[in-house]
Amino acid sequence: MSDPAPLTTTSPKAHVRTADRPWAVWSWGAFWLSLAAAALALPFVVILSGDPPPAMGFSRDLALGLGFSALALAGLQFALTGRIRPLLHPFGADVVFLFHRFVSWGAVALMLGHFGILYIWHQDDLGALNPFRAPAHMTAGRVALVCFVALIVSSEFRQRLGLGYLYWRWLHVGLALAGFAGAIWHVLGAGHFTGADGTRALWLMVTLGWLGLMVYTRVLRPWRQWRNPWRVIDNRDEGDGIRTLILRPEGQPLTGWRPGQFAWLTVGTSPFALREHPFTISTAPDTGPEISFSIKPLGNDSKRLSQTRPGTVAYIDGPYGQFSIDREADADGFVMIAGGVGITPIIANLRAMAARRDPRPVILLYANDDWDDVAFRDALVRLAETFDLTAIHVVQNPPEDDWPPAGFIVETGRIDGDMLSRVLPPASRDWPHMLCGPAPMLEGLKSDLRGMGVPVSRIDSEIFEMV
């Protein structure tokens, strides 16, 4: 599939939705943060309402408070990972998932604090540790703690443990369900501050909400995908091992996505199987109904996807993400910086600009280790002929012969502050700077750009390490 032919020029503001305007994004972000704070405070409000429970000593009250806080944070995780679009919209999916990761650490730390204080100073409250002698609700709490610790360890050290993506997802879901169920059982069985009707109603509501999220994410959403299949019609080579799958809808086409967004893709299996991966939609929204995903085989499952044969059935859940030019209608131009496979969401944005004949200039710096690693090389040449795109290839290890290549703008080495100061004109300091690549690369670039005087509000990034 070639790059789309230019369409009639349209104003950038014509593609901006009300929900993407800054005031709307900030309002929704404030709403969700306030709602999260209220949800975390709710257990304590209910417990302390009416007649406050008698104090049991500072350390014991602290331990119980840590336990309630840990359970509230654990319940919040199911909302953060449930792909609830209104929740993801103001922050971006990568930010929400990163937040989920750190909050999970916080929840486990609170659980360990709860157990540790009781173990050190109040062993009578813990009772027997032997599961054959301990009450069932106490054992359930300890099983929950083990599940959550195992969940953190298996996620943080997945590659070192040799866990494949599919097996890790099944393990992750199983540990989360078992851990949260055990924690609820423990809280209700222990009875501390939960004997009143109000507090029992609270935990019943929490449990029903948790079950509702499970039914939605694991039953209803896959069922909708299963009723709306897609078909892979082509698999083409983009260079650097990147393969692009082109899909045609066999039911309702995907509508309303913005350039740079991604979707969760399931290929060759049921959408109930948890064998799905997030990939950027590399097609411009203006060209549907066929869409494409560009995949680099970084693991066993992504390698399987990159080898998909035409004719294979597929399922899509999306779109998600906020890494889009459509959120920058007032920009005079763009600076885009990509590392390796991080070029795919940027390609999607560039193709949309070409399809719309967007008049704004774009300066692209694209970093790779070797010249042969450069993906979409020919596509970038064609795009540069369509609109005001300056593509600068930054190659760390250039070949000894035939360098620099004719017809390309190239730099040697790594993208750093000196290179950015040299290739970016002063007028670009107030342009949006869209960065996509590995996390260490992005952190260094953000520091360099801030040192050049680029405002923090003008730097947007997407960490391309979700698979």
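## A unit built from strands and a helix

Which right-handed unit do S7, helix H11 and S8 make? In this predicted model, strand S7, helix H11 (residues 343–356) and strand S8 form a β-α-β unit with a right-handed sense. The two strands of the unit, S7 (residues 334–339) and S8 (residues 362–368), pair in parallel over six bridges. Within that pairing, Ile-337 has Leu-365 as its bridge partner in S8.

Let's look at S7 itself. Six of its six residues are buried. Phe-334, Met-336 and Ala-338 point one way from the strand, while Val-335, Ile-337 and Gly-339 point the other way.

S7 also runs parallel to strand S11, with four bridges joining them. Here Ile-337 stands opposite Leu-435 of S11.

## Meet Leu-435

Leu-435 has a relative accessible area of 0%, so it counts as buried. Among the residues it touches are Phe-323, Ile-337, Leu-442, Leu-449 and Ile-459. Leu-435 and Phe-97 lie 338 residues apart in sequence, and their C-alpha atoms are 18 Å apart in space.

## The second largest pocket

Now for some open space: the second largest pocket has a volume of about 1,200 Å³. It is lined by 40 residues, and those closest to its centre are Val-25, Arg-327, Glu-328, Ser-457 and Asp-460. By class, the lining holds 19 nonpolar, eight polar and 13 charged residues.

Helix H1 (22–48) gives the most to this lining, with six residues. Strand S11 (433–437) is among the elements that each supply at least two residues, as are helix H4 (93–121) and helix H14 (439–451).

Notes. Residues numbered from 1 in each chain as written. Predicted model: local features only at pLDDT ≥ 70, side-chain atom pairs only at ≥ 80, totals over all residues. Heavy atoms only, no water. 1 Å grid on protein atoms, 1.4 Å probe; cavity = no way out; pocket = protein on both sides within 12 Å on 5 of 7 lines; lining within 4 Å. Points joined across faces, edges and corners; volume = space filled by probe spheres on them. Nonpolar A, V, L, I, M, F, W, Y, C, P; charged D, E, K, R; others polar. Buried < 20%, exposed > 50% of the residue type's maximum accessible area, 1.4 Å probe, protein only. Contact = heavy atoms within 4.5 Å. Pairing = 2+ DSSP bridges. Right-handed = clockwise from strand over helix to strand, strands pointing away. Lists of a residue's contacts leave out its neighbours within four places in sequence.
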